[in-house]
Amino acid sequence: MNFEEFLKSNRIRVNRYLNKVLWIGSLVGVLLALGIWLQFYRSVSYESCFIISGIMVILATIHTIMMNRKPESRKTSYFALLVMDVLLVFMVKVNVGIRITWFVIPLLSLLFCDLRLYFLASVTNFVCMTASSVIISPVYARLRVDFDKPLQFFKSYYSGMVIEMIIMLIAGYGLYKMMRVYFESVDEENKREEYLLQISLTDGLTGLSNRRCYEEDVSLYGKSCPEGDFVLFSMDINGLKTANDTMGHVAGDELIIAAADCILRTIGEKGKAYRVGGDEFTVIYHGNDYKEVWEALSNRISEWHGNYNQSLALAIGYAASKDYPGLTINELERHADQMMYSEKEHFYTLEGHDRRRKREK
């Protein structure tokens, strides 16, 4: 997962968390009503409590709909933060004292690791905080003997809030940069590990998966029998040693690369090809058209011509679970190898080479 994918998945997780917060926020009216009953809030009415809970239920429902449609959207994230700001403004309007809670919302936006969203949430929060300051100034000016007019209280109260907001913005930006550096370093480390893992599972010459990758993929099946459309191809290049001995390894590499290219172009997305040895290839294929694949690969190979080699010959064997029901992958591999070696012997017989006599000498 790269950094952009992380931001997207993280936005989904945080949006889900904030959605739960909004639904919990719908209980604020109930808690305020309890506070009225316990005589904690003498200036708050039960009607205001009902309105708060009703509005929160509606807004939480809207956010849930947005979550279902676009859970990774910035708009979904911003809407959740906006709803919390609106809740605070309304609580101030009904004379429930709010101060430090204002700064929680921009800090919550940092969870998204998105600087644009952080500043947007901070600006919205600042506007809502300004509106709440205007609302409470006449009330608190009447309660305070050190202020003659609401404007005096507003200037005093608002200036303190502005200073705190500036400090919060600077601190929040610092936190964002620290989080960004950390997650990007983690992303780079993950990319490096993925690259090293890819190298360890890939053949350097052909770009195919290597024997280690094949063994890991086969181990996933364990000792169980593969499904009905499972086919294992075993292939070996004919004449590779001759090409290496007479024209050099560049000619041999040409045959190996050509074989890999022919295999990949033939099996398409239905199979996975592996170079399991110097001149050996294995393909795990899913489909019942394996005979047609074998014919198509044979035709493609017969049409190939290179710069150093005039032709390419490939001995091909296959074993399908459809033809050998109940066999494990290792047993299917043995059947595919037998067919491949039979084809190889036939090729050298036609070429006038007796491989067994050469080995005896």
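Buried means under 20% relative accessible area, exposed means over 50%, and partly exposed lies in between (1.4 Å probe, protein chains only). The model is predicted: local features need pLDDT of at least 70, side-chain atom pairs count only at pLDDT 80 or more, and totals for chains, interfaces and linings use all residues. Residues are numbered from 1 along each chain as its sequence is written, and side-chain values use heavy atoms, with hydrogens and water left out.

View 1. Asp261 is partly exposed, at 37% relative accessibility. Arg265 is exposed, with a relative accessible area of 53%. A salt bridge is a side-chain nitrogen of Lys or Arg within 4 Å of a carboxyl oxygen of Asp or Glu. Helices (H or I, at least four residues) and strands (E, at least two) are DSSP runs, numbered from the N terminus. The structure holds ten salt bridges.

**View 2. Glu254 is buried yet has no salt bridge.** Glu254 is found in helix α10, residues 249-267. The nearest side chain of opposite charge is that of Arg265, 13 Å away. For charge, Lys and Arg count as positive and Asp and Glu as negative; His and the chain ends are not counted. What does the side chain of Glu254 make a polar contact with? One partner is the side chain of Asn309, at 2.8 Å. The backbone nitrogen of Asn307 also lies 2.6 Å from a polar atom of the Glu254 side chain. A polar contact is a pair of N or O atoms within 3.5 Å; within protein, one must be able to donate a hydrogen and the other to accept it, and residues adjacent in sequence count only if both atoms are side-chain atoms. Not counting residues up to four places away in sequence, Glu254 touches Trp304, Gly306, Asn307, Tyr308 and Asn309. Contact means heavy atoms within 4.5 Å.

**View 3. Helices α9 and α10 pack with their axes 6 Å apart.** Helix α9 spans residues 240-247. The angle between α9 and α10 is about 150 degrees. Axes are lines fitted to C-alpha atoms, for helices over the stretch in contact, and angles run from 0 to 180 degrees between N-to-C directions. The two helices are therefore roughly antiparallel to each other. Angles under 35 degrees count as roughly parallel, over 145 as roughly antiparallel, 65 to 115 as roughly perpendicular and the rest as oblique. From α9, Leu240, Ala243, Asn244 and Met247 take part; they meet His249, Val250, Ala251, Gly252, Leu255 and Ile256 of α10.

**View 4. A salt bridge joins Arg11 and Asp114.** The N to O distance is 3.5 Å. This pair links distant parts of the chain, 103 residues apart. Arg11 sits in helix α1 (residues 3-25), and Asp114 in the loop between α5 (104-109) and α6 (115-143). Both residues are buried. Arg11, Arg74 and Asp114 are linked in a network of salt bridges. Cys113 is also placed in the loop between α5 and α6. Its phi is near 55 degrees, a positive value in a residue other than glycine. Cys113 counts as buried, at 4% relative accessibility.

**View 5. Lys344 forms a salt bridge with Asp236.** The closest N and O atoms are 2.6 Å apart. Lys344 belongs to helix α12 (residues 329-351) and Asp236 to strand β2 (residues 230-238), so the pair links distant parts of the chain, 108 residues apart. Are these two residues buried or exposed? Lys344 counts as buried at 3% relative accessibility, and Asp236 is buried with a relative accessible area of 4%.

**View 6. Ser234 lies in strand β2.** Ser234 is buried, with a relative accessible area of 6%. Its side chain joins that of Asp337 in a polar contact of 2.6 Å. Leaving aside neighbours within four places in sequence, Ser234 is in contact with Phe281, Ala315, Ile316, Gly317, Ala336, Asp337 and Met340.

**View 7. Tyr318 has its place in strand β5, residues 313-320.** Tyr318 is buried, with a relative accessible area of 14%. Beyond neighbours within four places in sequence, Tyr318 contacts residues including Val231, Leu232, Phe233, Ala336 and Met339. Tyr290, Lys291 and Trp294 are also among its contacts.
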